[in-house]
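Please look over the sequence and the structure below before reading on. The report then takes up a few residues in turn.

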Amino acid sequence: MKSLPPQTAPLIKALSFSMDAAAFAFAMLITPLLLSVFDQAYHIPISQTIKLQAITFALACCFITYFSFSGQYSKRKPFWGQILSVAKLTFLLLAIDIIVRSAVNYGNPSLYPLIYWHVAMMCLIVFRFVLNLIKMRTTGWKIPAVIIGDANVATHTLFAIASDRGMGYDPKYILMRGSENRSFDKDEAPPIFNNCTASDLDMGRRLFPENDDLLLAA
């Protein structure tokens with residue numbers, strides 16, 4: 001696959017960052033309440049609660065910083081790849097949190113971080129589901145796509161794009177090699193892409209000589 005640099009909608013980038021921050025904030029608010037449910041003896045002043053949250057707050061900042069520099073907020077990433085990245089990094093930070101608390105004897109070494117990071121991970125995943133729905137409905141996030149290949153390649157590519165519409169790729173043309181455009185059957189493609197136009201490759205070269213707004217897949 002050959003792709004041109006996609007232009008990220010500023011709204012999506014801001015929402016991605018804000019939703020992650022909101023997920024961690026919500027986890028910090030709800031964790032003390034859940035602790036009081038699981039541990040009836042857990043009753044400490046608000047000032048001490050803030051101290052307990054200091055480590056998790058620092059690690060949450062590390063999470064957001066890492067995602068910022070790794071392009072999670074600015075690049076087009078497969079949805080399930082995002083979920084996997086969230087889960088891996090969350091469990092890593094959970095382990096670090098427990099190790100640090102145990103080393104410095106700072107609050108409950110396991111119960112607080114176990115509840116906090118599980119709540120945070122659930123919030124991060126739910127918010128990503130919501131963000132994915134927003135991406136699918138945001139015109140500024142979409143980028144026109146041109147598929148180059150035979151009927152089999154075109155059909156499989158359309159199904160791959162349809163399986164993760166949050167990526168924002170919007171197929172407009174299918175350029176068939178030689179005279180194979182006649183063999184392409186739109187009925188075999190996802191119904192949402194029935195508006196795709198199939199034509200020969202030479203015609204496509206005349207239509208899109210050098211268009212930086214298109215993603216080309218072959």
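**Ile148 and its strand**

Ile148 is buried, its relative accessible area being 16%, where buried means under 20% relative accessible area, exposed over 50% and partly exposed in between (1.4 Å probe, protein chains only). Ile148 belongs to strand β1, residues 143-149; helices (H or I, at least four residues) and strands (E, at least two) are DSSP runs, numbered from the N terminus. Between the C-alpha atoms of Ile148 and Tyr173, which stand 25 residues apart along the chain, the separation is 8.6 Å.

**Basis of the model**

This is a predicted model, in which local features need pLDDT of at least 70 and side-chain atom pairs count only at pLDDT 80 or more, while totals for chains, interfaces and linings use all residues. Residues are numbered from 1 along each chain as its sequence is written, and side-chain values use heavy atoms, with hydrogens and water left out.

**Arg128 in helix α4**

Arg128 sits in helix α4, residues 111-136, and counts as buried at 5% relative accessibility. Its side chain makes a polar contact with the side chain of Asp20 at 2.6 Å; such a contact is a pair of N or O atoms within 3.5 Å, and within protein one must be able to donate a hydrogen and the other to accept it, residues adjacent in sequence counting only if both atoms are side-chain atoms. Apart from neighbours within four places in sequence, Arg128 is in contact (heavy atoms within 4.5 Å) with residues including Phe67, Tyr73 and Val86.

**Cysteines**

The structure holds zero disulfides, a disulfide being a pair of cysteine sulfur atoms within 2.5 Å. The closest cysteine sulfur to that of Cys61 is in Cys62, 7.0 Å away, which is too far for a bond.
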